[in-house]
Amino acid sequence: METIKQLLLALGVLTSPVEQPPAPCQEDCQPSAAAYGVIKHFEGYSPITYIDAAGYPTIGFGHLIKPGEKIEEPLLGEAAERLLQQDIAPKAAAVNGYVRVPLFQGQFDGVLSWTYNLGEGALKSSTMLKKINAARHDEVPTQMKRWNRAGGKVLKGLERRREAEAALYEMRWY
């Protein structure tokens, strides 16, 4: 867990303690810089198309290329950032739509990163979402960590990502 805290420090997620916790959000939560930082870190970046661990053509910060979709290569700078923002928007909308209880920023960011990686369908059908909506927040990190496979294999990178997402969720705010 110490390496996850170091990662979150390096990404600027952990800062000085907040004296007054912010109010939770519901239905209109927005990704913070921390969410973008965690997503970028774990997705990595490629200006050219590659095949990801699950066998899908991917570019930029984990953008799955749809059949027939054309993306100019190399994907650089602002174009890569815009594509990331476009990809995050429907994931944030899904989290806002499926979660029926207020979330603190860290909780939202953790679930958003998870959803960015696994998709809206996985969120909608997950036990994790049921735990969130039942306000059983202490059980959510364990549910997050269960999703550590790609192509049927446990991946060390996914284990680390789930640890980071769970740490965000447990911090609640930063």
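Start with the largest pocket, which has a volume of about 800 Å³. A pocket here is an open set of points on a 1 Å grid over the protein atoms alone, with protein on both sides within 12 Å along at least five of seven lines. Its volume is the space filled by probe spheres set on the points, which are joined across faces, edges and corners. This is a predicted model: local features need pLDDT of at least 70, side-chain atom pairs count only at pLDDT 80 or more, and totals for chains, interfaces and linings use all residues. Residues are numbered from 1 along each chain as its sequence is written, and side-chain values use heavy atoms, without hydrogens or water.

Helices (H or I, at least four residues) and strands (E, at least two) are DSSP runs, numbered from the N terminus. Colour the lining by type: 14 residues are nonpolar, 7 polar and 9 charged. Ala, Val, Leu, Ile, Met, Phe, Trp, Tyr, Cys and Pro count as nonpolar, Asp, Glu, Lys and Arg as charged, and the others, Gly among them, as polar.

Next, select Val111, Met128, Ile132 and Met144. They have the most contacts inside the largest nonpolar core, which has 31 residues. Such a core is a set of buried Ala, Val, Leu, Ile, Met, Phe, Trp, Tyr and Cys residues joined through side-chain atoms within 4.5 Å, where buried means under 20% relative accessible area (1.4 Å probe, protein chains only). Helix H3 (77-98) and helix H4 (105-118) are among the elements that give two or more residues to this core. H3 gives the most, with 6 residues.

Centre on Val111. Beyond its neighbours within four places in sequence, Val111 is in contact (heavy atoms within 4.5 Å) with Val95, Leu123, Met128, Ile132, Met144 and Tyr169. Apart from this core lies another, of 7 residues, including Leu8, Val38, Ala164 and Leu168.

Finish at the sheet. Three strands form an open, antiparallel sheet in the order E1-E2-E3; strands pair if DSSP finds at least two bridges between them. Strand E1 (46-51) and E3 are the edge strands. Select E1 and strand E2 (residues 57-60): 3 bridges join them. Ile51 stands opposite Pro57 in E2.

Notes. Buried < 20%, exposed > 50% of the residue type's maximum accessible area, 1.4 Å probe, protein only. 1 Å grid on protein atoms, 1.4 Å probe; cavity = no way out; pocket = protein on both sides within 12 Å on 5 of 7 lines; lining within 4 Å.
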